[in-house]
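Colleague: I am new to this structure. Please pick a single part and take me through it closely.

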Amino acid sequence: MNHNQQLQTRQNTIQQLFANPVRLLAPMEGLTDPLMRQILTQIATDLGRPYDWSVSEFVRVTQHVLPAHVFYKYVPELHYDAKTASGTPIHIQLLGSDAQLMADNAAYAAELGAPAIDINFGCPAKTVNSHRGGSVLLDEPEVMYEIINTVRTAVPTDIPVSAKIRLGYTDTSRMDDIKAAIATSGADWLTIHARTKTQGYKPPAYWDKIQNFYNLDIPVIANGEIWNAEHAQNCMMQAGTNHLMLGRGAVTRPDLIAQVDGNNNDTATLTALAWEDLIGHQIKFLEGAAKSDVVLVGRYKQWLAMLTKGYSEAKILWDSIKREKNKAAIISALRMSVR
């Protein structure tokens, strides 16, 4: 396949991806790991509205091209055509500030089977930012351009390259510069978390400011503070885009994606997931792969604490097992929570 054919293939892929409003599962460091992705994408598929794709937790690029086992650790789905067990594609997200290193790692990820590369300019973590990664680069739009453009040049022409940003670092004063950098970088689409780094995850999200990016000649995906169907509708209206990335709301209410599109999806058999229907998925999570039961229990408690915001039954269970360390005892309590 020559360059022009590869370019046409990519353009066709993007056209197909965005032919209808897309719904993505967000990359959330320490939260949407492979196990959580497997559970949430399976639930969405069972509810009749699968995620169009999910993005991996960021893979940190620092000094060299990472070995294959690192990519497989973060994205074990690469062993299975870069898809979860339910068939949801997984795009690989990279984070770093050295354009050539990012490009070399992106090219290798594509070689391993990544269907698309996403570049993280949104992570607000102090440790990441202090090492010149994530949202701190929003103050250096020229570096953002260089990274995206170099990655775009390095990966095969038919592989899409996207970027995820916030509205700015300390404020929104550089939004126009960021938009100009994205516009000329070769990015195939853009996801925007509608807050600055300084605003963190504190409500509200400023969805209306996403409209400042509306005249980019690429699709724009809105993200941030979408906890229910009403939020989703308000976000799309204010942001001027029908494309959404769902984050913490999708972990708190695993049926959120079906709730968002329930009224428009004839194939959905149900749009709400009752607590008793979620029990089996939680048990599968607790029986999933991890370094140890201690790790699994800790991860599960993190999820359960978030579920308390969406399910009253989760609050009751949380109060009864928050100090419990035995996995079998937690599974038993989980099963008893519906009696």
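Modeller: I will start at the second largest pocket, which holds about 450 Å³ of space. A pocket here is an open set of points on a 1 Å grid over the protein atoms alone, where a 1.4 Å probe fits, with protein on both sides within 12 Å along at least five of seven lines; its lining residues have an atom within 4 Å of a point. Volume is the space filled by probe spheres set on the points.

This is a predicted model, in which local features need pLDDT of at least 70 and side-chain atom pairs pLDDT 80 or more, while totals for chains, interfaces and linings use all residues. Residues are numbered from 1 along each chain as its sequence is written, and side-chain values use heavy atoms, without hydrogens or water.

Lining the second largest pocket are 15 residues, with Asp33, Pro34, Ala289, Ala290 and Val295 closest to its centre. Two or more of the lining residues come from each of α2 (34–46), α3 (68–74) and α12. Helices (H or I, at least four residues) and strands (E, at least two) are DSSP runs, numbered from the N terminus. By type, the lining has nine nonpolar residues, one polar and five charged; Asp, Glu, Lys and Arg count as charged, Ala, Val, Leu, Ile, Met, Phe, Trp, Tyr, Cys and Pro as nonpolar, and the others as polar.

Besides α12, the elements giving two or more residues to its lining are β6 (161–166) and α9 (248–252). Its lining has 29 residues, and Pro27, Met28, Glu29, Arg166 and Tyr201 are nearest the centre. They divide into 13 nonpolar, nine polar and seven charged.

Helix α4 (residues 99–112) carries the chain from β4 to β5 in a right-handed β-α-β crossover, meaning that the path over the helix runs clockwise with the strands pointing away from the viewer.

All five of the five residues of β5 (residues 117–121) are buried, so the strand is largely enclosed by the rest of the structure. Buried means under 20% relative accessible area (1.4 Å probe, protein chains only). Ile117, Ile119 and Phe121 point one way from β5, and Asp118 and Asn120 point the other way.

How values were computed:
Buried means under 20% relative accessible area, exposed over 50%, partly exposed in between (1.4 Å probe, protein chains only).
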